[in-house]
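Biologist: Could you bring up the model so that we can go through it together?
Modeller: Here it is.

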Amino acid sequence: MSEEEQPTILITTGNTHFTDRRGSPATDWVVSALYAQSIRAAGGFGLVLGPSGGNEADSMITDALRVMDGLLITGGAFDIHPSYYHAESHPSSGPFDDSRTSLEVALLKAALKADKPILGICGGMQLLNVVQGGTLIQDLSLLTEPLEHEQRAPRSEPGHTIKVAKDTLLHSIVGVSKIGVNSTHHQVIGELGSDVVVSAKASDDVIEAIEYRNASFALGVQWHPEAMEEKVHQSIFEHFIRAAKIRA
Ligand code: MN
């Protein structure tokens, strides 16, 4: 890939079901434009892919792999079904989007196998843990004295701080030990998956970033860096795009 060429980043999304103006059932893909904007600002080219029917574990994943230089697994107003980590569903869990989760799991596994750079944001970070056999705590109410992880303030503002662990990919990217992050999640990582390392925690011990030990670049962040303008947040996208460019 030449210096001018932009690596293609696949941005995942899910289904939003609704009734259209004629009263017919309809389905849209909906994803925040901020993801693609941050990818673009960092020198990448973002393409959105959502569930498209059929057996996505087969030909669609092969086609997606051919196109993508990197994979961005996004978050959304849904939870990963607890059956993915062999747990019963808690009353506060959900809604679920099984076609989305199954597509994201297949894409993630394929990207890992091909060692394509991966960035997981919010629910995307949680999926990184689950795919490696880790678990989630299904609601903040199950924690003793958690911080306010579902902030009322706009996402452009920090809700709490995190401490970044030394000798991690995240630390090499941000170059500092403390960052203010936004927080809009009601689930948190429980047991860690295999080869998953914690790269940041909040002061209540909630895991705020993870990475895979055996991948060139597989980083998950619990907050939404695409919604924050400070350089430290946008640097995550810059390093992700750089990694995608090298691997392309
Ligand atoms: Mn948080």
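**Strands, metal site and surface**

Modeller: Strand β8 pairs with strand β11 (residues 196–202) in the antiparallel sense over 3 bridges, where pairing needs at least two DSSP bridges between the strands and strands are DSSP runs (E, at least two residues) numbered from the N terminus. This is a predicted model, in which local features need pLDDT of at least 70 and side-chain atom pairs count only at pLDDT 80 or more, while totals for chains, interfaces and linings use all residues. Residues are numbered from 1 along each chain as its sequence is written, and side-chain values use heavy atoms, with hydrogens and water left out.

Biologist: Which residue stands opposite isoleucine 162?
Modeller: That is alanine 202 in β11.

Biologist: And how many bridges join β11 to β12?
Modeller: There are 5, with β12 covering residues 207–212 and the two strands running antiparallel; alanine 200 has alanine 209 in β12 as its bridge partner. Their hairpin has 4 residues between the strands, and aspartate 205 takes a positive phi near 75° there.

Biologist: Switching topic, what coordinates the manganese ion?
Modeller: The donors (N, O and S atoms within 2.8 Å of the metal, or 3.2 Å for Na, K and Ca; water is not among the atoms, so sites may look incomplete) come from His149 (ND1), His160 (NE2), Ser183 (OG), His185 (NE2) and Glu208 (OE), at 2.2 to 2.3 Å. Along the chain they follow the spacing H-x10-H-x22-S-x1-H-x22-E.

Biologist: Is histidine 149 buried or exposed?
Modeller: Histidine 149 counts as buried because its relative accessibility is 0%, where buried means under 20% relative accessible area, exposed over 50% and partly exposed in between (1.4 Å probe, protein chains only). Histidine 185, at 3%, also counts as buried.
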